[in-house]
Amino acid sequence: FDQSLMVTGEQMTNDADLAYFGVISIGTPPQSFKVIFDSGSSNLWVPSVYCNSAACNNHDKFSPRASSTYRYDGKPLDIHYGTGSMTGVLAYDTVTVAGAAIRNQIFGMSQTEAPFMQHMKADGILGLAYPRLSASGATPVFDNMMKQGLVTQDMFSVYLSKNSAQGSVVTFGGVDPHHYSGSITWIPLSSELYWQITVHSVSVNGRPVACVGGCQAIVDTGTSLIVGPQSDISSINSAVGATSSGNDFVVNCNGIQQMPAVVFHINGHKFSLPASAYVRQSKYYGCRSGMASGGSNLWILGDVFIREYYSIFSRAQNMVGLATAR
């Protein structure tokens, strides 16, 4: 029995249903960092001692001098996310994720970070998308896990808890049957860059209201909401009875039970989101829709979707698997 071929689970903390992060370590002896496991990007980076941005000063920083396995690379790194950005420099070291030690993993050490990053609970980001998306051509963590034989199968799966509960987990090398029920629907990717799939339409009360004629979507653990083109998002929100207010769509908290489901039609299957899934409830802001407009034609199926559907990311088959989460 080879211990190194285990399916390993990485526990994640649910931060107010807005972000999910787990702890990894870099270097020898290990320096620990909280990172967002992000299927919508491909780089690993953490704050470093070379950074004096406000966002670095309130997070843990990597110190190269404290690691005996560190190797400097020096190539610059510049990443822009939907929110926030960072610049830095690349280096190599041993990275331990879910108990698996990945040798010579290339990663970014931040030198500057956008103010937004100050408000993240996580220190950095661990990207789980394809190598083609990786800034500065840095090999992604999961590619090295596959290459170094650290996973039994070339796939990872994600369960995201609801209502700030514990128990969220990324499973590297397989699936966790405890976290889904029924069968898995396999969906071929339409592009191997993001985890991108074709959605055929989005309907409310049996009527197509968005993505009519089909659209492209990415399954993105690093985005809180469901994001789509402005006209489509307005159309869905108005179909479910949410009213526009500034940048948000507002919902009557007392009417959530009566609101219809939003159904995504994908690969001949229906993926239904009840109002309890797509309405965000907060003490401070009341109730708002979890569907927001982005600046692009590419839809993002973020945490609002993944909380309902256990998501399996297969590099072996270049497919996404979706099953009812539990």
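Is lysine 162 buried, partly exposed or exposed, and what is its relative accessible area? Lysine 162 turns out to be partly exposed, with a relative accessible area of 37%; here buried means under 20% relative accessible area, exposed means over 50%, and partly exposed is in between (1.4 Å probe, protein chains only). The model is a predicted one, so local features need pLDDT of at least 70 and side-chain atom pairs count only at pLDDT 80 or more, while totals for chains, interfaces and linings use all residues. Residues are numbered from 1 along each chain as its sequence is written, and side-chain values use heavy atoms, with hydrogens and water left out.

Salt bridges come next. The structure holds 4 salt bridges, a salt bridge being a side-chain nitrogen of Lys or Arg within 4 Å of a carboxyl oxygen of Asp or Glu. Lysine 162 makes one of them with glutamate 308, and the closest N and O atoms are 2.9 Å apart. Lysine 162 sits in the loop between β9 (155–159) and β10 (168–172), and glutamate 308 in the loop between α5 (303–306) and β26, so this pair ties together parts that are 146 residues apart in sequence. Helices (H or I, at least four residues) and strands (E, at least two) are DSSP runs, numbered from the N terminus. Glutamate 308 is buried, with a relative accessible area of 14%.

Another salt bridge joins the side chains of aspartate 143 and arginine 315, at 2.7 Å from N to O. Distant parts of the chain are linked here too: aspartate 143 belongs to helix α2 (residues 141–147) and arginine 315 to the loop between β26 (309–314) and β27 (319–325), 172 residues apart. Aspartate 143 counts as buried at 12% relative accessibility, and arginine 315 is buried with a relative accessible area of 14%.

Arginine 280 and aspartate 248 also meet through their side chains in a salt bridge (3.3 Å, N to O). Arginine 280 is in strand β22 and aspartate 248 in strand β19, 32 residues apart. Aspartate 248 is partly exposed, with a relative accessible area of 24%. There is a network here as well: salt bridges link Asp248, Arg280 and Arg288.

An open sheet of 4 strands has the order β18-β19-β23-β22, with antiparallel pairing; two strands pair if DSSP finds at least two bridges between them. At the edges stand β18 (243–245) and β22 (279–282), each with a single partner strand, so one side of each has no neighbour in the sheet. From one strand to the next, the twist averages 40°; axes are lines fitted to C-alpha atoms, for helices over the stretch in contact, and angles run from 0 to 180 degrees between N-to-C directions. Strands β19 (residues 248–251) and β23 (residues 286–289) run antiparallel and are joined by 2 bridges. Valine 250, found in β19, stands opposite arginine 288 in β23. At 31% relative accessibility, valine 250 counts as partly exposed. Beyond residues up to four places away in sequence, valine 250 touches Gly241, Ala242, Thr243, Ser245, Cys287 and Arg288, where contact means heavy atoms within 4.5 Å.

A second open sheet has 6 strands in the order β12-β13-β16-β25-β17-β24, and its pairing is mixed. Its edge strands, β12 (191–192) and β24 (291–293), each pair on one side only. Helix α3 packs on this sheet, touching β17 (226–228), β24 and β25, and its direction makes about 150° with that of β24. Within the sheet, β16 (residues 215–219) and β25 (residues 299–301) pair in the parallel sense over 3 bridges, with alanine 217 opposite tryptophan 299.

Helix α3 (residues 230–240) contains aspartate 232. Aspartate 232 is buried yet has no salt bridge, the nearest side chain of opposite charge being arginine 207, 11 Å away; Lys and Arg count as positive and Asp and Glu as negative, while His and the chain ends are not counted. The aspartate 232 side chain does reach the backbone nitrogen of cysteine 211, at 3.1 Å. Apart from neighbours within four places in sequence, aspartate 232 is in contact with Val209, Ala210, Cys211 and Trp299.

Finally, strand β8 (residues 124–127) is covered on both faces: Gly124 and Leu126 on one side, and Ile125 and Gly127 on the other, are all buried. Strand β3 (residues 31–38) pairs with β8 in the parallel sense over 4 bridges, while β4 (residues 44–47) pairs with β8 in the antiparallel sense over 2 bridges.

Terms used: A polar contact is a pair of N or O atoms within 3.5 Å; within protein, one must be able to donate a hydrogen and the other to accept it, and residues adjacent in sequence count only if both atoms are side-chain atoms.
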